[in-house]
Amino acid sequence: MLLVLALMGAVAAGAVVLLPHAASIPPVIAGAATGATALPRRRQDETAQPYVKFMTLGIALARERLVQRVHLDACTWSDRFLHGIETSAQLRVFVHDLKLYLLERHPLAAETKTINAVYADVEKAIDAALDVQTGIDETCRQAEREPTGDELIARRQAFGTALAQCGHLLRFAYVHGRRSENQELRTLRAKAMSNDAFHSPALPPQRRWFDRWLTR
């Protein structure tokens, strides 16, 4: 980002100095500077366009590199964030909570449509992974055997596809969210991976009649 800003400042300063003299430069020299063999003579106000393109080439390359780096960082973050989720049930609980979390914080119509569309793709991928796992488990149960290598690969590929689809929803949270929301997302993940989603026993502990005497 600093590089892009610096290049933009340099281009602005160069434009102030050079553009007033652009009309007096021969078109052939301008064409060579921009990678063309010749530049047709145009009106005086259009002569500056090749120089602008030439000076902003560095900004375009730096911006493209910056966008690519942000995308790769988002992919790396989402892959690390999903590390530890091992079952389709855990993934389904996490994705549902993540969808509600994003819908609450991004109520705009366009963003809501994107979130629901990505969530629908994740649900389809999870259903497909469950179908593969259920079919393999049923086949192994009837044949009274362990899963083969090909069956284990098929199960892992199906679940990996579901994880990849969930990564799309996480990248939406990465791009449109803030760094302070990272802890809240971790809380959603911990809840999905816990056997007790509410972190409390099903029934309150029962007190015995003599407990009040022991506590005195």
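1. Buried here means under 20% relative accessible area, exposed means over 50%, and partly exposed lies in between (1.4 Å probe, protein chains only). By that criterion, 28% of the 216 residues of the protein chain count as buried.

2. The model is predicted: local features need pLDDT of at least 70 and side-chain atom pairs count only at pLDDT 80 or more, whereas totals for chains, interfaces and linings use all residues. Residues are numbered from 1 along each chain as its sequence is written, and side-chain values use heavy atoms, with hydrogens and water left out.

3. Secondary structure: the protein chain has nine helices and zero strands, where helices (H or I, at least four residues) and strands (E, at least two) are DSSP runs numbered from the N terminus. The pattern along the sequence is accordingly written α-α-α-α-α-α-α-α-α.

4. Contacts and surface: taking a contact as heavy atoms within 4.5 Å, 70% of the contacts between residues at least 6 apart in sequence join residues at least 24 apart. The accessible surface of the protein chain is about 15,200 Å², and 60% of this belongs to carbon and sulfur atoms. Accessible areas come from the Shrake-Rupley method with a 1.4 Å probe; for residues, only the protein chains shown count as cover.

5. Salt bridges: the structure holds nine, each defined as a side-chain nitrogen of Lys or Arg within 4 Å of a carboxyl oxygen of Asp or Glu. Arg-92, Glu-123 and Asp-127 are linked in a network of such bridges.

6. Glu-123 is buried, at a relative accessible area of 18%, while Arg-92 is partly exposed at 24%.

7. Asp-127 also forms a salt bridge with Arg-92, at 2.8 Å from N to O. Here too distant parts of the chain are linked, with Asp-127 in helix H6 and Arg-92 in helix H5, 35 residues apart. Asp-127 is partly exposed, with a relative accessible area of 36%.

8. Another salt bridge joins the side chains of Asp-137 and Arg-155, at 3.0 Å from N to O. Asp-137 lies in helix H6 and Arg-155 in helix H7 (residues 149–176), so this pair ties together parts that are 18 residues apart in sequence. Asp-137 is partly exposed at 36% relative accessibility, and Arg-155 is partly exposed with a relative accessible area of 25%.
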